[in-house]
Amino acid sequence: MSYHTAEIPFVFHNIDRAEKSIGGSAEAKKIEAQMSRAWIHFARTGKPEAPGMPNWDAYTLQGGATMMFDADTKLVYHHDAELLKLLALAQ
């Protein structure tokens with residue numbers, strides 16, 4: 001779980017400026033490279049798929065495809081289904 005805007009140092013390829021909160025591990029640098037490339041590819045092509053990453057299906061309510069950036073970056077489906085059910089109950 002991450003906090004809102006935690007991705008910003010990864011996106012802009014500058015985790016070295018946030019090492020106190022992120023750390024400079026090899027794993028963090030790998031995630032930084034993947035996330036930065038994904039955003040660059042999205043800006044250039046409209047698709048966030050980048051070399052060395054899984055294919056990234058578009059998110060739909062039915063499909064729920066979400067890329068999970070981690071040591072083993074992967075595409076998951078409906079990872080937040082339980083949360084969405086709870087939120088629906090709260091309405």
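I worked on a predicted model, in which local features need pLDDT of at least 70, side-chain atom pairs count only at pLDDT 80 or more, and totals for chains, interfaces and linings use all residues. Residues are numbered from 1 along each chain as its sequence is written, and side-chain values use heavy atoms, with hydrogens and water left out.

I then noted that the side chains of Glu 82 and Lys 85 form a salt bridge at 3.5 Å, N to O; the term requires a side-chain nitrogen of Lys or Arg within 4 Å of a carboxyl oxygen of Asp or Glu. Both residues belong to helix H4 (residues 81–89) and stand 3 residues apart, about one turn of the helix. A search of the whole structure gave me 1 salt bridge.

**Overall layout**

I counted 4 helices and 2 strands in the chain. These are DSSP runs numbered from the N terminus: helices are H or I with at least four residues, strands E with at least two. Along the sequence I read the pattern α-α-α-β-β-α. The C-alpha atoms fill a box of roughly 40 × 30 × 20 Å along the principal axes. Of the 91 residues in the chain, 25% are buried.

**Helix H3**

I checked the length of H3 (residues 26–45): its 20 residues should span 28 Å at 1.5 Å a residue, and the end C-alpha atoms are 28 Å apart, which agrees. The expected span is 1.5 Å times one less than the number of residues. Among the buried residues of H3 I listed Ile 31, Met 35 and Ala 38. Just after H3, Gly 46 has a positive phi of about 85°.

**Strands S1 and S2**

I found S1 (residues 65–68) and S2 (residues 74–77) running antiparallel and joined by 4 bridges; strands pair if DSSP finds at least two bridges between them. A hairpin through 5 residues connects S1 to S2. The bridge partner of Met 68 in S2 is Lys 74.

Leu 75 lies in S2, and I recorded it as buried because its relative accessibility is 18%. Beyond its neighbours within four places in sequence, Leu 75 is in contact with residues including Pro 54, Trp 56 and Met 67, contact meaning heavy atoms within 4.5 Å. Leu 75 and Asn 55 are 20 residues apart in sequence, with their C-alpha atoms 7.7 Å apart in space.

**Positive phi at two histidines**

I noted a positive phi near 55° at His 13, a residue other than glycine. His 13 sits in the loop between H1 (8–11) and H2 and counts as partly exposed at 46% relative accessibility. His 78 likewise has a positive phi of about 55°; this residue is in the loop between S2 and H4 and is partly exposed at 34%. Most residues other than glycine have a negative phi.

Methods
Buried means under 20% relative accessible area, exposed over 50%, partly exposed in between (1.4 Å probe, protein chains only).
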